[in-house]
Amino acid sequence: MAILVVGSVAFDNIETPHGKVDDCLGGAATHFSLAASYFTPVRVIAVVGKDFTAEHEAVFTRRGIDIQGIERSNGLSFHWTGAYSGNMDEAKTLGTDLNVFETFDPKIPEAYKDSEFLFLANIDPVLQARVRMQMPNVRMVCGDTMNYWIADHAANLAKVLRELDVLLINDGEARMLAGERNLVLAAQKVLSMGPKTLVVKHGEYGATAFFGEHSFPGKAKVSHPFRAPALPLAEVVDPTGAGDSFAGGFYGYLASQPELTPAVLRTAMFYGGVMGSFAVERFGTERLQNVSRQEIDDRFKLFQEISHLDYAGA
Ligand code: AMP
């Protein structure tokens with residue numbers, strides 16, 4: 001089943017304790033689509049400028065990602081500048097230049113209209129809402145956002161939240177959105193804003209899913225949360241895009257399954273962790289461009305081994 005994703009396609013300047021890169025291809029939709037492309041067909045809606053070349057295009061098309069919905073505009077692509085220090089648990093945004101995204105009016109190509117899964121990656125909630133409106137018949141809508149939009153675009157974001165089957169955000173964002181420090185109480189508050197299910201990412205500590213009354217259509221409410229691990233890594237080179245890659249693995253797996261059940265959602269959380277763990281091994285999208293199916297399967301097994309009590313080994 002195809003996923004249609006709208007979000008930023010960007011150039012990032014990133015500084016981490018492992019080095020510094022300028023103008024490397026990034027953006028929420030980019031990391032998301034690369035990760036999801038290992039599970040299901042992906043179609044992208046975004047806008048780029050003159051600085052987006054055939055070489056950048058190939059990063060998507062080599063993975064079979066459909067980019068006819070990436071509009072070319074005069075001007076420069078979205079640029080983000082961020083830095084990580086210490087244990088690299090949070091990016092410090094040093095600059096956000098929306099550039100061509102400022103006047104973007106997303107149009108859905110005819111060939112995208114039968115997409116059954118919609119992912120509203122991190123971008124202005126006004127744009128997320130416009131794409132959602134143009135796709136009334138999708139089976140499932142999943143979305144992301146960040147502090148930038150929570151702080152200054154709350155009313156627009158509230159409209160998007162009401163449309164979501166699943167909201168995927170990190171724990172700082174969940175607390176900020178709810179205005180509540182305790183994560184369980186924050187999750188309850190966020191669920192009351194619209195999303196049927198909330199997946200909270202904890203960076204190097206994994207992710208937790210919180211369920212509402214309608215998380216699983218036709219099934220009883222799951223009353224307790226589910227926690228999936230992250231893989232403890234000896235070296236994290238660049239955390240940029242880890243959250244989007246988690247989302248890509250998570251949603252890509254969901255879209256590849258016939259039905260949304262609690263077991264499918266739990267497995268999707270593990271695949272999210274798997275793709276997030278690859279993303280951070282290199283700068284930008286480098287690692288996600290070249291993961292093999294075998295590596296994904298092996299790492300999935302590793303995730304099972306590090307977290308299961310009913311361990312089958314010696
Ligand atoms: P993540 O590390 O998964 O949260 O996502 C990082 C990506 O988000 C980077 O590649 C940035 O280009 C992109 N990004 C950063 N700020 C914004 C923003 N305000 N809107 C949309 N995308 C953003």
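Let's start with the second largest pocket, which has a volume of about 270 Å³. Among the 16 residues lining this pocket, Arg139, Met140, Ser215, Pro217 and Leu260 are the closest to its centre. Please keep in mind that this is a predicted model.

**Pocket lining**
- By class, eight nonpolar, four polar and four charged residues make up the lining of the second largest pocket.

**Nonpolar core**
- The largest nonpolar core has 108 residues, and those touching the most other members are Val9, Val44, Phe119, Phe250, Tyr251 and Met269.
- Helix 9 (residues 262–279) gives the most to this core, contributing 10 residues.
- Beyond its neighbours within four places in sequence, Met269 has contacts that include Val199, Thr208, Phe226, Phe246 and Phe250.

**Helix 6**
- In helix 6 (residues 171–178), the buried residues are Glu173, Ala174, Leu177 and Ala178.
- Viewed down the helix axis, these buried residues fall within an arc of 125 degrees, so they line one face of helix 6.
- Their packing partners are helix 4 (147–152), helix 5 (154–161), strand 10 (166–170), helix 7 (183–192) and strand 11 (197–201).

**Positive phi in two loops**
- Most residues other than glycine have a negative phi.
- Met88 is not a glycine, yet has a positive phi of about 55 degrees; Met88 sits in the loop between strand 6 (78–83) and strand 7 (92–97) and is buried, with a relative accessible area of 11%.
- Asn99 also has a positive phi, near 45 degrees; Asn99 lies in the loop between strand 7 and strand 8 (117–120) and is partly exposed, at 27% relative accessible area.

Definitions and conventions:
Residues numbered from 1 in each chain as written. Predicted model: local features only at pLDDT ≥ 70, side-chain atom pairs only at ≥ 80, totals over all residues. Heavy atoms only, no water. 1 Å grid on protein atoms, 1.4 Å probe; cavity = no way out; pocket = protein on both sides within 12 Å on 5 of 7 lines; lining within 4 Å. Points joined across faces, edges and corners; volume = space filled by probe spheres on them. Nonpolar A, V, L, I, M, F, W, Y, C, P; charged D, E, K, R; others polar. Core = buried A, V, L, I, M, F, W, Y, C linked by side-chain atoms within 4.5 Å. Buried < 20%, exposed > 50% of the residue type's maximum accessible area, 1.4 Å probe, protein only. Helix = DSSP H or I, 4+ residues; strand = E, 2+ residues; numbered from the N terminus. Contact = heavy atoms within 4.5 Å. Arc of directions from axis to C-beta.
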